[in-house]
Amino acid sequence: MNPFPEKISPFAPSLPALTLLTTVFFANFLAQTLFGPLLLPISDHLGRSLAASANLFIFLSGGYSLAVLCAGFVSARLGHKGTIVASVAGIGLGLLGLAGCDSFFGFSVWILLMGAGAGLYMPSSVVTITEVTPTAHWGQAFAVHELAPNLAFIASPLVAEAFMGSAGYPMLFRLLGALCLLLAAVYALRGPRTVRPGMPPVLRNVKVIAVRPAFWITVLLFVLAVSVEVGVYNLVPAFLVQEKGLDRETANIILGCSRIASLAFLPATGWIIRRIGYRRTLALCLVGTGAATALSGYGPLWWTVAMLTLQPVFVVCFFPVGFAVLSLVCPKATNDLSVSLTVMCTSVIGAGFMPALLAWGGETFSFALCFVLFGLSMCAASALAVTRLRIPDQA
């Protein structure tokens, strides 16, 4: 027994910086998620079909993915604080530009800029969180940070409908753009500074990360989680309408309400990590997500709704522990680059290929069958991956 136990630094001093970062992340995610609820009025305004207007998402994700990959070049010159300021300012400028656009070309240019601004944020935010928070509290810190996207998922359709019923979406873009510029100024004045410089994604730096099997195992776990968060989430309304006989409005209400329960459990992720360790928490989140997805495929409507409510509880709790583990399996100086490479893989595979594959399977066979097969495959793949992951049980 160690007569001099290691003293754990308190978590409370990190909260002001985490609150500011979470606010920036909320603005970042809200700006991206607004375009789903606003797609129909934007299509009408531009005089284009819904399918043609949906190509705007390609420009949004393209700008985001390119910026994530190149974020290391920016943070190497501006530092992580300067990169976060540039990120939220870029989102604000993009929104202000979109507010005055009447053409598809103009929308494409400004949404590309907005996506690029959004993509700069995540690598620098992870470095900042790991610097301002004691290692023992990384799980709690990422849990606080992950409140932002989950609040944005709930808030974006409500905010969009509120403005469409009154001032219209251009006024929403102007207001949110102005708030983003104000937030950039606040972060420039009050945001925490970081010590580690940004790491550009040159071959030498990428090789340091790529030779680590634990990194690729962690990437696989992120891809599985994002496949559910993006792919399954976007297909739930079609599943409920086509195979459960609901109308579109009811299906969307169920989808939105299913995200609320996860907010109550997300703050407990840090506590769970401290009690059962990183590996068991990863297994609990991913196997629970896979099981809930598989079980949602068949059964009466009440059972499906219950499983679709349980599923987000597991998947959103994955990301705090996932980012903490990613920071452990790679050298500390490469945190931002490891996040860039991970987000690139999840964007292409988890948010791109997997949703397309699930949609094809749903149309060809059935969504219920796809959910069952994907859920069971996720349980098996995540359990096997976690058993091969070599990380300390506690930070």
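## Thr218 in helix α11

Thr218 has its place in helix α11, which covers residues 213-244, in a model of the protein chain that is predicted. At a relative accessibility of 2%, Thr218 counts as buried, because buried means under 20% relative accessible area. When its neighbours within four places in sequence are left aside, Thr218 is in contact with Gly322, Val325, Leu326, Val329 and Leu389.

## The chain as a whole

The secondary structure of the protein chain comes to 18 helices and zero strands. Its radius of gyration is 21 Å, close to the 21 Å that the globule rule gives for 395 residues, so the chain is as compact as a globular protein of that length. Along the principal axes, the C-alpha trace spans about 70 × 50 × 40 Å.

Of the 395 residues in the protein chain, 54% are buried, while the chain as a whole exposes about 16900 Å², with carbon and sulfur atoms supplying 71% of that area. Among contacts between residues at least 6 apart in sequence, 85% join residues that are at least 24 apart.

## Helix α7 and its cover

Helix α7, made of residues 138-145, is mostly covered, six of its eight residues being buried. The buried residues are Trp138, Gly139, Ala141, Phe142, Ala143 and His145. Which helices cover them? The cover includes α1, α6 (121-132), α8, α14 (269-276), α15 (278-295) and α16 (301-329).

Two packed helices are described by the angle between their axes and by the distance between the axes. For helix α1 (residues 15-33) and α7, the angle is about 40° and the axes are 9 Å apart, and the two helices are therefore oblique to each other. On the α1 side the contact involves Leu18, Leu21, Thr22 and Phe25, which meet Ala141, Val144 and His145 in α7. By class, this contact of α1 with α7 has five nonpolar, two polar and no charged residues.

An α-helix has 3.6 residues a turn, so residues three or four places apart point the same way. Leu18, Leu21, Thr22 and Phe25, the residues that α1 brings to its contact with α7, can be viewed in the structure with that spacing in mind.

The axes of α7 and helix α8 (residues 147-164) come within 4 Å and cross at roughly 20°; α7 and α8 are therefore roughly parallel to each other, since angles under 35 degrees count as roughly parallel. This contact is made by Ala143, Val144 and His145 of α7 together with Leu147, Ala148 and Pro149 of α8, and its residues divide into five nonpolar, one polar and no charged.

## Helix α4 and Gly72

Helix α4 covers residues 56-99 and includes Gly72, which is buried, with a relative accessible area of 4%. Computed along the sequence, how many residues separate Gly72 from Leu246, and how far apart in space are they? Gly72 and Leu246 are 174 residues apart in sequence, and their C-alpha atoms are 46 Å apart in space.

Helix α4 also packs with helix α5 (residues 104-119), at an angle of about 30° and with the axes 5 Å apart. By class, the contact of α4 with α5 has 19 nonpolar, ten polar and no charged residues.

Terms used: Residues numbered from 1 in each chain as written. Predicted model: local features only at pLDDT ≥ 70, side-chain atom pairs only at ≥ 80, totals over all residues. Heavy atoms only, no water. Axes fitted to C-alpha atoms, helices over the stretch in contact; angles between N-to-C directions. Parallel < 35°, antiparallel > 145°, perpendicular 65-115°, else oblique. Contact = heavy atoms within 4.5 Å. Nonpolar A, V, L, I, M, F, W, Y, C, P; charged D, E, K, R; others polar. Rg over C-alpha atoms; globule rule 2.2 N^0.38 Å. Buried < 20%, exposed > 50% of the residue type's maximum accessible area, 1.4 Å probe, protein only. Areas by Shrake-Rupley, 256 points an atom, 1.4 Å probe, with all protein chains shown as cover.
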